[in-house]
Amino acid sequence: MRRQNPPQASLDQALALEKYLSPFALGVVYALCAVVGFAVVALLFAVLVYSYILNATATATIFFSLVASVPAVFAVLAFVGRPYDPLSRSIRRLADSRRRPISVKADRSSFTVLLMTGEPLCVNLAFHFPAKYHLPEVRERLNAFVRSALERECCNRSDLPKDQEINAVVDRALDIVAAEFEIPVLYSEVRDMHKIRDAYSNREDLTPSEYLGLGTGTLG
C-alpha cells in the first residue's frame, strides 16, 4: 500500500537498525574496532621495522603497544557509556531518519469518463508522490492507468461514486505505476467530482445553475 508514509519498508529498516542497540551487538562491534585498531598499529610497527625505518627498541615497542591499546580503551569506555555512546547515537539517528515521512508533492490531473447513462463525469485528482519522480514518463503512465481504471468503474454505474470508491479504484492503478518506477509513496486525493451538464444530464443530479435543459447541451 503506497499511501503509507513513511513506507513500511522504511519502518522495517528502522527496526532492523535498532537491533544493533543491544549490548551484545554493541559489544561485538566495539570489540572488532579494538582488534582492527590494534592490528593496524601492529602492522605499521612491523612495516617500519622491516623497512629499517625504525629500530625495534624497548622504548619503541612500548610506545607502539600503548598506541595500539588506545582503540581498546576507547571501545571499553564507549561500551560502558551506552546508550549515550557514539555508535548508539548514530544508530538511533539513522533509525529515526527512516521513520520520518517522505516529502511528497501534488500533481493534479483531470479525467472525463462516461457513466452507464452516457453522462460525462469529471474527476479531478491530485497524485501525491516525491518530486523527483515527477517525470513525463511517470505522468504518462499515471494518466493511462488511472483513466483506464476510472472508465472500467464508471461504465457500470449510473450514480456518482463516493470519494473512497474512487480512491480504492485509483489506488490499484497507482500500485502498478509505483512498482514499475519504484516510487515509495504514491497516493491519490479526490479534489472534485461532478457530472458535466449536457443533453444527457438529469435535472435532479444538477443544481439549477448547472442545468441547461434537454436538447441544449452537447456531449463531451
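H1 and H4 cross in a left-handed way. This is a predicted model, so please hear everything that follows as computed from that prediction.

To place the two helices: H1 covers residues 8–18 and H4 covers residues 86–99. Their axes come within 8 Å, and the crossing angle is roughly 165°. Angles over 145 degrees count as roughly antiparallel, and therefore H1 and H4 are described as roughly antiparallel to each other.

Who touches whom? On the H1 side, the contact is made by Ser10, Leu11, Gln13, Ala14, Leu15, Leu17 and Glu18. On the H4 side, the residues are Ile91, Leu94, Ala95, Arg98 and Arg99. Sorted by type, the residues of this contact are seven nonpolar, two polar and three charged.

Now the second pair, H2 and H3. H2 runs over residues 23–50, and H3 over residues 58–80. They pack at an angle of about 165°, with axes 9 Å apart. H2 and H3 are therefore roughly antiparallel to each other. The handedness here is right-handed, as H2 passes H3.

From H2, they include Leu26, Gly27, Tyr30, Cys33, Phe38 and Phe45. From H3, they include Phe64, Val67, Pro71, Ala72 and Phe79. How many charged residues take part in the contact of H2 with H3? There are no charged ones; the residues divide into 19 nonpolar and three polar.

To put the two pairs side by side: the H1 and H4 crossing is left-handed, while H2 passes H3 in a right-handed one. The contact of H1 with H4 has three charged residues, and the contact of H2 with H3 has none.

Conventions:
Residues are numbered from 1 along each chain as its sequence is written. This is a predicted model: local features need pLDDT of at least 70, side-chain atom pairs count only at pLDDT 80 or more; totals for chains, interfaces and linings use all residues. Side-chain values use heavy atoms; hydrogens and water are left out. Axes are lines fitted to C-alpha atoms, for helices over the stretch in contact, and angles run from 0 to 180 degrees between N-to-C directions. Helices (H or I, at least four residues) and strands (E, at least two) are DSSP runs, numbered from the N terminus. Angles under 35 degrees count as roughly parallel, over 145 as roughly antiparallel, 65 to 115 as roughly perpendicular and the rest as oblique. A crossing is left-handed if the near helix is turned anticlockwise from the far one by less than a right angle, and right-handed if clockwise. Contact means heavy atoms within 4.5 Å. Ala, Val, Leu, Ile, Met, Phe, Trp, Tyr, Cys and Pro count as nonpolar, Asp, Glu, Lys and Arg as charged, and the others, Gly among them, as polar.
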